[in-house]
Amino acid sequence: MFSIGISCYYHDSSLCLFKDGKLIFACEEEKFTGVKHDYSFPKNVLNYVTKKYSLTKENVEVVCFYEDVELKSQRVKEYSKKQLLTKPLLSIRRVWESYRNRRELKKLLPNISDNIFFSKHHHSHLYYSSFSSPYKTSAVVSIDGVGEYDTTTISKYDGGVLDVETISSYPHSLGLFYSAMTSFLGFKPNEGEYKVMGLTSYGNTNIKLINKVSELIKFENGEIICNLKYFNWHDSDKVMYNYELSKLLGLLPRTPDEKIKKSHKDLSYAVQKVYENVLFDLLDYVGKKYKTSNLCLGGGCAYNGLANGKIYRNTGFKKVWIPPAPSDAGSSIGAVINYYVNKGINVTIPNTPFLGPSYNINSKSKKRLGDRKTMYLSDKNLYRIVAKQIKKGKVVGWFRNEIEFGARALGNRSIIADPTNPKMKDRINKMVKKREGFRPFAPMVTKERQHEFFIMNDDLRYMNQVVEVRDSYKDIFVSTTHVDGTARVQTVYKDNDIHNLLREFELLTSYPVLLNTSFNIKDKTMVLTPQDALNTFDTTDIDVLVLDNIIIFK
């Protein structure tokens, strides 16, 4: 029997599929629609799995939704009622949107299965991060913007039902604090947080500014508290902060097209520093409460790799696990796990991010490529030739097998290049990704030699922590080492197809390391189909495209 998990209506909507308790498929709706962070009901993904796996109401045991829609509606009504006289249009709009979403779910979910299970939002995060981990026991923490009411929750994981405790509730939120500051810095919330992290390393320590930002949020007496004097997220759906924040910081908000100044860089540094202080205080509290050195992180804040990499030396945790899709996308999986575990049914979560659609590409596919310069190669020859192209300074679009689940490209939908080429970072940012020049790129490295080049505690299969590059290699891996001497590393095991390419590149250069970034351009989603890959190849400065075993030269 099959079980389906769904998340939608906020951001990163997704659908997953279990068969007899084992996860066999997961994909975000945005990869089908091309709309970044698409929040709509995942109709395209549902249509795909229904056709591929011949799903019917008779063979779908349950459909699980990632949050409690009635509890969320209660929170929306509660806060809208408070603002009905002062902001009637906002109140009516929020209540209407909540009603519309519930109405759509009541219409669509029964078409999938008569058995419908609603998991609480943060429970979905907690179950996904803990049950996908390699640990038998751990502390598990979920931090994001907001679920129904909760914004941060914790629990002790031991393989059974989780006993969840609330640390902070709406409107107090570490996630919304970071998003509000992202907006103040001129970037888009729920998307531009990565830019703030990248900009952080260009800022300097400004104690006065850090102290001012510290007034905005704190962890105290076992809870996270925001100073709501400076923020508007609870009574506005357009602006997350107010003029009091500008007065406190002595800065005007940056507009999206405004040049980034030193003051913006220093503010980014201060925001990240305060975020980390609150996070580490919280984690210290959790570690002492549960008396464990293993930590599982979930929720959108688990994408803050800069903070994640510092957990080891700032808390008592020795092991940290973060799944490949810790934000709302992964909660479709967590909702199903929650259902199974509470039924006493064992679940199996494969140790791979490659859970999405794949497309049949073979030697006959060459006929559909027109007069392009192509070759169809065996695996061994493909890896060897591509490695040589990379060493020559070529940028390669790499498209093979199932697409990754989550926001990171981990080897099946990647743009790859030589990390030792000093011109590569600027070239890819400008001519390929078409994005801000300060944005860093990540190195992928074989598990066998990762510790030679990077200072790491754990394997980082899902590129979710920023670590230090060893001093002797900072000037060698120039295109993947950030200005502060760090890198967001991906550990590549032998079970990942791209491990073979790393080994071929190692034979040519002595380094089993490649620059890796997602196969997309700015404001576009990761390529899903071969045609998507061809379109991106034709409109960017990518030199070589690999479609399974077909190699195409520009």
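This is a predicted model: local features need pLDDT of at least 70, side-chain atom pairs count only at pLDDT 80 or more; totals for chains, interfaces and linings use all residues.
Two strands are said to pair if DSSP finds at least two bridges between them.

Strand E2 (residues 14-19) has a partner in strand E3 (residues 22-28), and the two run antiparallel, joined by six bridges. Within this pairing, Leu17 stands opposite Phe25 in E3. The hairpin formed by E2 and E3 has two residues between the strands, and Asp20 in the turn has a positive phi of about 50 degrees.

E2 also pairs with strand E1 (residues 2-7), again in the antiparallel sense over six bridges. Here Ser3 stands opposite Phe18 in E2. The hairpin of E1 and E2 has six residues between the strands, and its turn contains Tyr9, with a positive phi of about 85 degrees. Five of the six residues of E2 are buried, so this strand is largely enclosed by the rest of the structure.

| Strand pair | Bridges | Facing residues |
|---|---|---|
| E1 and E2 | six bridges | Ser3 and Phe18 |
| E2 and E3 | six bridges | Leu17 and Phe25 |
| E6 and E7 | six bridges | Val140 and Ser155 |

**The five-stranded sheet**

Five strands form an open sheet of mixed pairing, in the order E8-E7-E6-E11-E12. Its edges are strand E8 (165-169) and strand E12 (319-321), each of which pairs on one side only. From one strand to the next, the twist averages 20 degrees. Helix H5 (residues 121-131) packs on the sheet and touches E6, E7, strand E11 (294-298) and E12. The direction of H5 makes about 140 degrees with that of E6.

**Pocket and cavities**

The second largest pocket holds about 440 Å³ of space. Among its 24 lining residues, the closest to the centre are Leu306, Lys310, Arg313, Glu468 and Thr486. Helix H10 (262-290) gives the most to this lining, with six residues; helix H12 (311-314) and strand E18 (466-469) each supply at least two. By type, the lining divides into seven nonpolar, 10 polar and seven charged residues.

The structure also holds three cavities of 30 Å³ or more. About 90 Å³ of space lies in the largest cavity, whose lining includes Leu23, Tyr128, Trp321 and Tyr462. That lining comprises nine nonpolar and three polar residues, with no charged ones.

Notes
Residues are numbered from 1 along each chain as its sequence is written. Side-chain values use heavy atoms; hydrogens and water are left out. On a 1 Å grid over the protein atoms alone, a cavity is a set of points where a 1.4 Å probe fits but cannot get out, and a pocket is an open set with protein on both sides within 12 Å along at least five of seven lines; lining residues have an atom within 4 Å of a point. Grid points are joined across faces, edges and corners, and a volume is the space filled by probe spheres set on the points. Helices (H or I, at least four residues) and strands (E, at least two) are DSSP runs, numbered from the N terminus. Ala, Val, Leu, Ile, Met, Phe, Trp, Tyr, Cys and Pro count as nonpolar, Asp, Glu, Lys and Arg as charged, and the others, Gly among them, as polar. Axes are lines fitted to C-alpha atoms, for helices over the stretch in contact, and angles run from 0 to 180 degrees between N-to-C directions. Contact means heavy atoms within 4.5 Å. Buried means under 20% relative accessible area, exposed over 50%, partly exposed in between (1.4 Å probe, protein chains only).
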